[in-house]
Amino acid sequence: MLLQRKDIRTVKHPVWLPAVTSEVLTVEERTGIGEWNYRAAEGKTMSPESDAAWKRRRSERGTDTIMTPSVRLQEMIRVIRSARTQCEERGIIQRECADIRAQFRQGDNGERSHSLAKLLYVHMLGYPAHFGQMECVRLIASTRYSEKRIGYLGAMMLLDEKQDASLLITNSIKNDLSHSSQFVQSLALCTLACMGSAEMCRDLAPEIERLLRASNSYIKKKATLCAVHIIRKVPELGELFTPSARSLLCEKNHGVLHGAIVLITELCERNPDTLGQFRKAVPELVQIMKGLVTSSYSPEHNVAGISDPFLQVRILRLLRILGHKNDTASDAMNDLLAQVATNTDSSKTAGSAVLYETVLTIMDINSESGLRVLAVNILGRFLLNNDRNIRYISMTSLQKIVQTDHNAVQRHRGTIVDCLKDQDSSVKRRALELSLALVSAVNIRSMMKELLIFLSTCPPELRSHTASGIFNAAERYSPSKRWHIDTILHVLTTAGGDVRDETVPNLIQLITTASELHCYTVHKLYRALVKDISQQSLVQVACWCIGEYGDMLLKGECEEITPVQVTEDDVLDALKTVLQSHMSSPATRGFALTATMKLSTRITENVDRIRSIVSIYGSCIDLELQQRAVEYNALFKKYDHMRAAVLERMPVMDKNSPGHTNGDTFAETIKEPDLPKSAEEGFPSEPASQVYDLLGLLGATDTPLQPSPAPICTPPTSTSSADILDLLGELELTSVPKSTVTVYEKNGVSLKLQCDKQTETDVTVTLIASNSSQSDITNFTLQAAVPKSVQLQMKAPSGNVIPAQGLGEVTQTVLLNNPNKVSLKMRVRMSYSNQGTMFQDTVQIDSFPSTAWNCQPSISPL
Amino acid sequence: MDFTVAESNTHVRTVFFNKTRDFVGYLHGRSRRLATILPLLFQQTRPRNKMQFMLLFSRQGKLRLQKWYAPLSDTQKKKISREVIQTVLARKPKMCSFLEWRDLKIVYKRYASLYFCCAVEDQENELITLEIIHRYVELLDKYFGSVCELDIIFNFEKAYYILDEFILGGEAQETSKKNVLKAIEQADMLQEEAETPRSVLEEIGLT
């Protein structure tokens, strides 16, 4: 009794069941599964049957095909199914489980197999059944076939290779593998292939190898697949099976042959030596395949007019691996592939499966060009197929070849774009990927139109992928800047929540460079902002632009867009709404606050209103915002004379120039590991560096207004520290002089070194090469080396050609990070060719002085 | 002192940076999901064409049969099957039979009230998987004689035996329908021989 109560506690509610499981019999359960295929055509309708009627129908048919069902098992299933509520069902199962445990404890009484079968059903319903594990082990060791059968089934369901109990059956499997009955052997083989652990595989590999040479094809086919499982688990056992695998190719039985092909495929994929060895078998495989393709109708293996598609597909896959990057093997199979590709009837799935595999093989081996054309045409035909599955397959394969045969795929563009409108998300996803791959400079406008329509209708899970795809395509092929900006804005308005974080700085960078479009952009963004403030990224860009180009917005003159009269109050209202909206993220508020501040120099009348807005945030709960507000307040009061200079428009940023790329900021983030991490996501680019400037300024004049260490914000387009220094140079009373020294002078080439100290440990060195000779210097490259403890980062050079007679120069920036503050040394090697002659020279720069502004590197030529 | 060559292709680094960041984000967000899928990911690295599992479930989401060819714990199996069943059931009838789920491909087909669903790795031919599912349905149909869901519920162990006779370790083992049915029939007869004398004895004992 006690144990029973314990049982009750162990039975838990299965996780995956719906809340109410009362299994009221549905009509559907009684409908023949085969109906769908066999009966539907005849127009028969199935009348619902009760469980009892179903039972009668089944019993009428006698026991000739189905052996006597285990009555007790079916009884239990019926009782469980009759439960009306979840609770009732749990109660029944608790009772049954207690019963099953009791049976197990009693030992051998002939009921054990039924009990285990019951337990397996309970297990399938999602209830715990681990207590049956040992019973499986016991039943497997039984001498009766019926018990062995259910025992092995239970082992496959209840045991997994991580459990100790699975080790206990190794010996039983070993014994059964040499049993006199093939059906017992089969059970053992099946279990080994399903759940054999690596250890088990090592123990039993010799037995399997022996069975590969058995005379019985029923056992042989199972042994081959067991061997496959063993190789997957323990790859080094592959060599053991290689010789027998070769001889299995002569087999006539399709099952064995199929197994052998799978085994050889597995061996070849894991071992290049074996692959070479089996390349010799290509003619044999071609022969087998030819036999299949040309054979007369055999009902045993025929599927919808295709002779054994299962085997054909496996052979084609093996041929693909054998012919990959090998001309001899590829030549040997070219004819066959052409034959299969032209003669296979693709009206049914089986035929399409074979054709699909053939196309993959043609594309993967060194096939003739004619054959490749044939393959792409087959895929094109698939694309027009009514069956969605075939269309999906077609696009999956076109995706694989779009890089190599771009033009061939381009021909099907129209159909692919149409598939974007398909209802099925799998097909949509494929079509999207393919469409993105097909965008080119020629079709960018029309393709983008389609993609933008798709973006507005596509399922949410595809939206961010679509957006980033559109950004990439627009960046690569945009016909004009205005078009580019419009496209990105369109994406932001439709899917602003699903774009990646770096979109905002990228777009801002794009807008700054397009100086002629500032007015247009700011108007457009202002309108978008007024309409909708829920799309965070859009709002951020809009705030930034309003802050920067607010004067243009207020002027109300714009050539490319119908101007609207915007008053100062309107703009401030809009920004205030953003600041106060609950939808705005802290970062967005930061953008808005800085924009408001920036407007203070761009508007004339409402400066007091701005002051009050800013001062409100001096007590904001968000630390970042508060800090900004306090700083801005200080700018209004103590440093009002500098406000105009500080809040000037940001200089145009060039994305490709050193110091402005994403990668660089990444590197800089690493360099400053002790700074607060939050800074990274925290503040927008422009305001951030603005703040940095400001803090530097405050620091320089020794005010106590520094609540926390200056956050260095490094979102992608933030100006590098170098620029910040430049800005400071303008603002500070003492500007930092840069020292330049010539380190090399030979053949008319001179190399100057310019060196700025940035922080304690970081030094920026600029190398400037010029050419005073009569001819151009070409292939000019610089390499630099520093002591191990110093990190060196070289930016891209401005070019590799120096024009003659000092008409131009090549500059390259080198960032040095010297964390241990060792004495800096640098070796620079340059190579160039002058009138076809190559030169190479190395100079060593021995000492960099510790203070940067009197940097006079001492040079020793090597 | 090693010479460092200038990186002219900053784009590569940008891409790398983005990828890294995305991946880190992915790890943070999906660590729990990853935990369930990692065994699948690292089990095999190169040849990836094995069937990982097969599920049969009803339109109400009730599991009718499950066969796992990948070594997973019970919890993982439950989690995966719940997720797969939900995903498949959410699809509309006219949709295509394939979907990408984690790093696997799910191939499913509905026969009357029952969904047959296979998860295969990415190198596998989806169409032949569909044929394998269909072949299994045909086998069930031949064995039970116009099979319906109730047959599979009440004789679930038979359904397993047929599956084990058709698919072994995730690969089809027999391409002839006749051979599979013959083997099942013979095995059934063997089982009956083993059981019959016992039930007679029991009857004697009872009466």
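In the predicted model, A198(A) is in contact with K233(A) and V234(A), when neighbours within four places in sequence are left aside. A198(A) belongs to helix α12 of chain A, which covers residues 198–212. With a relative accessible area of 26%, A198(A) is partly exposed, because the partly exposed class lies between the limits of 20% for buried and 50% for exposed. The C-alpha atoms of A198(A) and H229(A) are 9.6 Å apart in space, while 31 residues separate the two in sequence.

H229(A) also takes part in a helix contact in chain A. Two packed helices are described by the angle between their axes and the distance between the axes. For helix α11 (residues 182–195) and helix α13 (residues 217–233) of chain A, the axes come within 9 Å and cross at roughly 15°. Since angles under 35 degrees count as roughly parallel, α11(A) and α13(A) are therefore roughly parallel to each other. The crossing in which α11(A) passes α13(A) is left-handed. On the α11(A) side, the contact is made by Q182(A), F183(A), Q185(A), S186(A), L189(A), L192(A), A193(A) and C194(A). On the α13(A) side, the residues are Y218(A), I219(A), K222(A), A223(A), C226(A) and H229(A). By class, this contact of α11(A) with α13(A) contains 9 nonpolar, 4 polar and 1 charged residues.

Cysteine pairing was examined over the whole structure, and the search found 0 disulfides over all chains. C194(A), one of the residues in the α11(A) contact, is in no disulfide. The nearest cysteine sulfur to that of C194(A) belongs to C190(A) and is 6.4 Å away, whereas a disulfide requires sulfur atoms within 2.5 Å. C194(A) counts as buried, because its relative accessibility is 7% and the limit for buried is under 20%. In chain B, C148(B) also counts as buried, at 0% relative accessibility.

A helix pair in chain B was described in the same terms. Helix α3 (residues 126–144) and helix α5 (residues 156–166) of chain B pack at an angle of about 130°, and their axes are 10 Å apart. That angle makes α3(B) oblique to α5(B). The crossing of these two helices, α3(B) and α5(B), is right-handed. From α3(B), the residues I132(B), R135(B), Y136(B), L139(B), L140(B), Y143(B) and F144(B) meet K158(B), A159(B), I162(B), L163(B) and F166(B) of α5(B). The residues of the contact of α3(B) with α5(B) comprise 10 nonpolar, no polar and 2 charged.

Methods:
Residues are numbered from 1 along each chain as its sequence is written. Chains are lettered from A and ligands numbered from 1 in the order in which they are written. This is a predicted model: local features need pLDDT of at least 70, side-chain atom pairs count only at pLDDT 80 or more; totals for chains, interfaces and linings use all residues. Side-chain values use heavy atoms; hydrogens and water are left out. Axes are lines fitted to C-alpha atoms, for helices over the stretch in contact, and angles run from 0 to 180 degrees between N-to-C directions. Helices (H or I, at least four residues) and strands (E, at least two) are DSSP runs, numbered from the N terminus. Angles under 35 degrees count as roughly parallel, over 145 as roughly antiparallel, 65 to 115 as roughly perpendicular and the rest as oblique. A crossing is left-handed if the near helix is turned anticlockwise from the far one by less than a right angle, and right-handed if clockwise. Contact means heavy atoms within 4.5 Å. Ala, Val, Leu, Ile, Met, Phe, Trp, Tyr, Cys and Pro count as nonpolar, Asp, Glu, Lys and Arg as charged, and the others, Gly among them, as polar. Buried means under 20% relative accessible area, exposed over 50%, partly exposed in between (1.4 Å probe, protein chains only).
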